[in-house]
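Subject: Structure handover

Hello,

Please look through the model before reading on.

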Amino acid sequence: MPVVPPTAPGTAQRALKPRTYWMGAVATLAFLVLLGRLYHLQILHGDEYKERADENFVKELRVPADRGLVIDRNHKVLVDSRPSYDVTLTPYFCAKRCPEVVSQLSALLSFEPDELERAQGRLAASRGLARFKPFTVKVDITREELDLFEAHKLDLPGVDVQPTPHRNYRYGASSGHLVGYMNEIGADEMERLNEEMRDAGSSALPYQLGDYIGRRGLERRFEAELRGVDGKKRVVVDARGNAKPESSLIPEDQRFEASRPGLNAVLSIDWRLQEFAEKTFPATAGVVLAMDPRTGYILALVDRPAPDPNKLSGRITRKELEAIRKDPLQPELFRAIQQHYHPGSTFKVVTSIAALEEGVFKPGGTVYCPGYFFLGGHRWRCDKEKGHGTIDLEHALGASCDVFFYDLGNRLGADRISKWGNLLGLGHPTGFDLAGEISGVMPDAAWHQKHIPGGYAHGMSVNLAIGQGDVNVTPMQQAVLYGALASGVVWKPQAVLRLEDAKGQTVKDFPPAERGRLNLKPGTREEVLKGLEAAVNEPFGTAYAQRLKDVKMAGKTGTAQVVALGAHRLKAWQMGYFERDHAWFAAFAPLEAPEIVVVVLNEHAGFGASNAAPTASAVVKYWFDLQKQDQAAKLAAEQQAANGGVPLAPALVSAPAGTAAATPLAAAPIQPVGAVVIPAAAGAPSPSPARARHGAEPSTPSPGEGQGGAASRTAKPSAPAAPGIAPAGGDGAETPAPRTSTPTPGGNRGA
Amino acid sequence: MALDVPLGRLPSASSSGRAFARFPWHIAFLVLAISATGIWNLASASRSAHAPVWISQMWWMAGGAALALAIAVLDYRTFLRIAYLFYLAVVLLLLAVLVRGRLVMGARRWLTVGPINFQPSELAKIAVLLALARYFHYDLEKRRDGYGLLSLAVPMAITLVPAVLILKEPDLGTALIVVAVGATMILFAKVKWRTLALVGCVGLAGSAFAWPHLKPYQRKRVETFLNPEGDSLGAGYHATQSMIAVGSGQALGKGWGQGTQTLLSFLPEQHTDFIFSVWAEEHGFVGCAALILLYFLLVAAALTVAGNARERFGHFVAVGVTAMLFWHAFINMGMVTGVLPVVGVTLPLMSYGGSSVIAVYFGIGLLANVGMRRFVN
């Protein structure tokens with residue numbers, strides 16, 4: 001080995017020491033770069049990184065809000081939520097056994113072929129971290145299936161059953177078109193909606209995949225209001241996503257944010273009337289529409305056929321959906337606003353008004369009907385082949401003479417008829433607040449010029465005058481038209497009274513909205529109404545069979561031709577379904593001061609008089625029965641309170657609580673409270689009805705005691721010191737008015 | 001070897017007492033300060049793992065300190081004598097690792113001898129610096145105007161043989177440190193400018209050539225470095241989470257044991273390679289600046305030792321140790337803060353790991369040794 005060279009001390013140092021300075025300089029520079037970088041990360045961008053660090057460990061879980069209810073005008077719940085038992089699979093936990101588990105589940109819960117296919121697809125698609133994420137394999141299993149699953153749970157690793165709130169349409173198809181339905185949100189749609197919500201500064205949480213969203217009807221129209229605001233639960237998680245409940249990294253007050261339930265939509269529908277109409281209406285397809293002509297609020301809306309929203313809300317198989325899509329009756333069509341029909345003879349009121357207002361026909365005037373009408377070599381026939389003879393407006397409307405109106409139409413021309421049709425709400429949407437409303441057709445000469453080959457011919461106004469030709473109206477327009485006749489106001493029809501919060505406070509209400517008023521010459525309305533009265537109440541009237549005993553109803557039948565008449569008139573049963581005429585009936589009652597308008601359209605049913613009028617008549621009658629019933633219930637409640645209320649004062653303090661519990665009265669505590677509103681000063685109660693009712697009550701000897709029990713229960717907070725009635729009255733003022741659904745007097749207390 | 005040749009006017013072994021009078025206490029202080037900081041920090045970092053690694057780190061450090069003392073007491077010319085032998089032994093160990101090493105996470109880096117697991121690659125750094133120091137000790141005299149391409153062949157071979165073996169394990173980080181230490185010493189020995197330029201060009205071309213031969217994960221790391229947020233849940237996860245930890249420390253830090261990134265295990269390798277992010281998260285910019293200052297002072301002290309060594313071997317040993325400390329610290333902190341790509345390099349005296357601690361203390365012992373026998377005018 002080499003000899004160590006004699007390096008004199010210091011010689012090497014002189015050469016090498018300066019080089020260490022260079023190294024020192026490089027090192028200094030390097031450390032300064034590090035410092036600069038740290039300054040950048042920690043001082044300049046520290047806030048951002050702090051935020052990201054916090055985001056790392058805070059996992060936000062959603063606490064879904066309760067969707068608002070849909071309730072009728074009497075607070076009857078039509079739509080609420082129920083738990084849906086959904087089966088989920090987390091691929092990580094079944095690992096290699098997953099395909100086997102899926103097929104086992106499929107057998108256990110009888111999957112549809114497309115459900116099985118979808119589950120297998122999802123399984124194949126989940127890789128990596130997605131394996132930890134549960135996905136839904138079957139929604140809404142039955143209780144029996146749930147039991148079956150529980151029994152086999154141990155053989156099915158990774159499978160869970162999750163109860164999730166699901167929309168429950170209590171009356172199914174009956175509320176179908178109006179209420180609509182919901183289903184799962186799509187990815188693009190979700191992005192768009194979330195962006196809109198962000199832009200609008202909405203407080204609601206963004207949608208997530210798997211969320212349901214209102215698709216049609218009110219569910220869609222009031223999606224934002226019904227939805228509510230989801231709550232949040234924040235938990236600390238580590239890098240693997242394990243929750244660390246013991247960690248105090250999130251302050252106590254930030255761990256939970258309660259959800260806010262959506263608003264309840266209060267409909268103007270009276271569900272009792274709706275159910276009655278549904279039951280009474282014999283049609284395969286058609287509409288029954290009841291509206292209050294004083295406000296424009298819809299009271300009942302039967303629209304047939306309608307698919308079951310419970311099915312459509314994510315519970316429908318491809319096959320069933322296909323069947324709905326292909327159904328020639330088009331169940332997806334909301335006929336009341338999305339389909340129009342020839343109004344037939346129901347349109348004659350428009351012709352009448354136009355003729356009277358334009359002065360082509362004077363009140364009291366007549367027309368001779370020989371059974372046909374000639375114009376320009378064309379012959380129109382009347383409904384009655386022998387002719388009506390000389391006839392005035394009352395008889396023409398009542399008996400529905402066509403020739404009379406051919407003549408008026410001839411005198412008016414299309415433009416003047418159309419003008420009055422428009423004023424009465426035809427030819428444009430009614431403004432009913434749901435998507436997809438069509439405007440119908442109220443043709444004038446210009447319209448004919450544009451749309452009809454060959455342009456306008458005067459003969460068209462003759463056809464138009466009896467509601468044939470090219471005029472088309474939706475059932476909703478028909479209701480608005482007859483509502484205008486009844487009240488003089490062209491309403492915007494509405495089905496929602498208000499939106500309430502969960503406590504019943506009104507958040508937004510929808511007051512009656514006028515779109516116009518009829519400004520008619522004196523005598524015009526009376527003249528037309530006489531005809532409508534005759535149609536129902538005179539023996540020559542077309543709907544005489546449907547007259548009502550207690551209420552004077554005015555109405556007009558209509559039979560709208562669907563196909564051109566042949567040489568011979570055929571009976572309905574002699575034609576194919578889709579070639580038959582539509583049956584119309586539009587009516588209102590009572591004639592003196594109309595409270596209800598009913599429009600019935602029975603598609604392809606033949607004559608209006610026999611296939612639409614009976615339903616309308618029954619609905620009107622039932623409505624007034626309901627009114628009477630509610631009135632009686634209200635009266636009974638008032639009297640009961642007035643009766644029991646006053647002598648109640650001493651009993652209020654002394655009555656033992658046990659009395660209330662023992663008395664059957666306890667079941668109806670609302671009544672006395674609501675009734676107390678009636679001033680006690682009303683003094684001497686009218687005892688007779690109340691006594692009669694108390695007679696039916698075996699366990700309570702004196703009315704006073706029975707009342708006291710109930711009242712002391714409801715007035716509890718202020719009871720002991722209360723000097724009598726006042727506090728209870730104060731309470732009562734806040735409580736809703738007595739439920740109209742209370743059974744008829746006497747029936748409610750017989751234990 | 002002619003070990004009995006007198007080595008000029010040098011203090012004999014018996015005069016080591018006098019040498020201790022020159023013991024570089026400031027270096028000892030800095031080392032102990034960083035070590036104590038490291039243990040304190042490890043105690044926080046290992047909370048989430050429920051493994052008190054800081055205790056075993058303390059044992060390693062105690063062992064390391066004893067080793068350093070022993071090395072300091074020995075005449076460093078002993079190392080001059082055994083440098084090549086040591087180098088040869090380490091190269092053999094590296095070969096043994098490749099054949100018989102323990103496979104951990106796809107890499108063979110560990111050798112098991114009896115009850116001890118250790119990484120020969122940590123020793124390779126010392127071996128290379130000693131071997132190069134010896135080589136330059138004798139060779140430098142002949143190359144007063146710097147090294148040319150041919151004359152660089154031997155020192156480059158000394159550096160690259162273990163580096164390539166380590167790269168094979170694979171352990172890119174340590175290989176990089178070995179090359180960096182070797183390169184620093186070679187540069188310290190002075191290289192002709194032309195040669196430097198040439199080697200630079202060849203190096204660039206070489207890395208382009210080597211690119212396809214890198215392991216996929218190594219390539220991924222470099223790609224990720226260029227765009228760390230591009231794949232923040234995948235390959236960029238380490239870099240991203242580390243930067244979040246560092247940045248979220250802000251000026252003063254979250255406090256000892258309060259680092260959420262640390263506590264909830266968002267930091268990968270939090271007590272080894274990414275230990276600095278724990279420190280940065282919990283002690284903020286102020287803590288980081290203090291730690292960097294400590295490292296800077298240590299490097300400066302080591303350079304002073306290097307500048308004042310009695311002879312060439314001492315110069316080169318001290319420079320090698322300095323280079324080792326500096327590159328470790330700089331590459332590690334650079335990687336944690338996202339200035340450099342993610343490579344597995346420990347932070348001296350802060351990262352957990354026996355082999356690393358022993359290697360660093362070994363170097364510190366050599367440094368003290370040179371410092372104690374420094375040239376005094």
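Which residues have the most contacts inside the largest nonpolar core? They are Leu129(B), Ala302(B) and Val317(B), in a core of 129 residues. A nonpolar core here is a set of buried Ala, Val, Leu, Ile, Met, Phe, Trp, Tyr and Cys residues joined through C-beta atoms within 7 Å. Buried takes 20 or more other C-beta atoms within 10 Å of the residue's own, exposed 12 or fewer, partly exposed in between, with C-beta atoms placed from the backbone. A second, separate core of 127 residues includes Ala484(A), Leu532(A), Val599(A) and Val620(A).

This is a predicted model: local features need pLDDT of at least 70 and side-chain atom pairs pLDDT 80 or more, while totals for chains, interfaces and linings use all residues. Residues are numbered from 1 along each chain as its sequence is written, and chains are lettered from A and ligands numbered from 1 in the order in which they are written.

Helix pair: H13 (residues 312-336) and H14 (residues 354-372) of chain B pack at about 145° with axes 9 Å apart. Axes are lines fitted to C-alpha atoms, for helices over the stretch in contact, and angles run from 0 to 180 degrees between N-to-C directions. On the H13(B) side the contact includes Val317(B), Ala318(B), Val321(B) and Leu325(B); on the H14(B) side, Leu366(B) and Leu367(B) are among the residues met. Contact means C-beta atoms, placed from the backbone, within 7 Å. Leaving out residues up to four places away in sequence, Ala302(B) touches Ala318(B), Val321(B), Thr322(B), Leu325(B) and Leu367(B).

Interface: chain B gives 46 residues to the contact and chain A gives 41. The largest share of chain B's side, 11 residues, comes from H12(B).

Sheet: the 3 strands of chain B form an open antiparallel sheet in the order S1-S2-S3. Strands S1 (102-104) and S3 (116-118) of chain B are at the edges with a single partner strand each, so one side of each has no neighbour in the sheet. Strands pair if DSSP finds at least two bridges between them; S1(B) and S2(B) (residues 107-113) are joined by 3.

Regards

How values were computed
Helix = DSSP H or I, 4+ residues; strand = E, 2+ residues; numbered from the N terminus. Contact = placed C-beta atoms within 7 Å.
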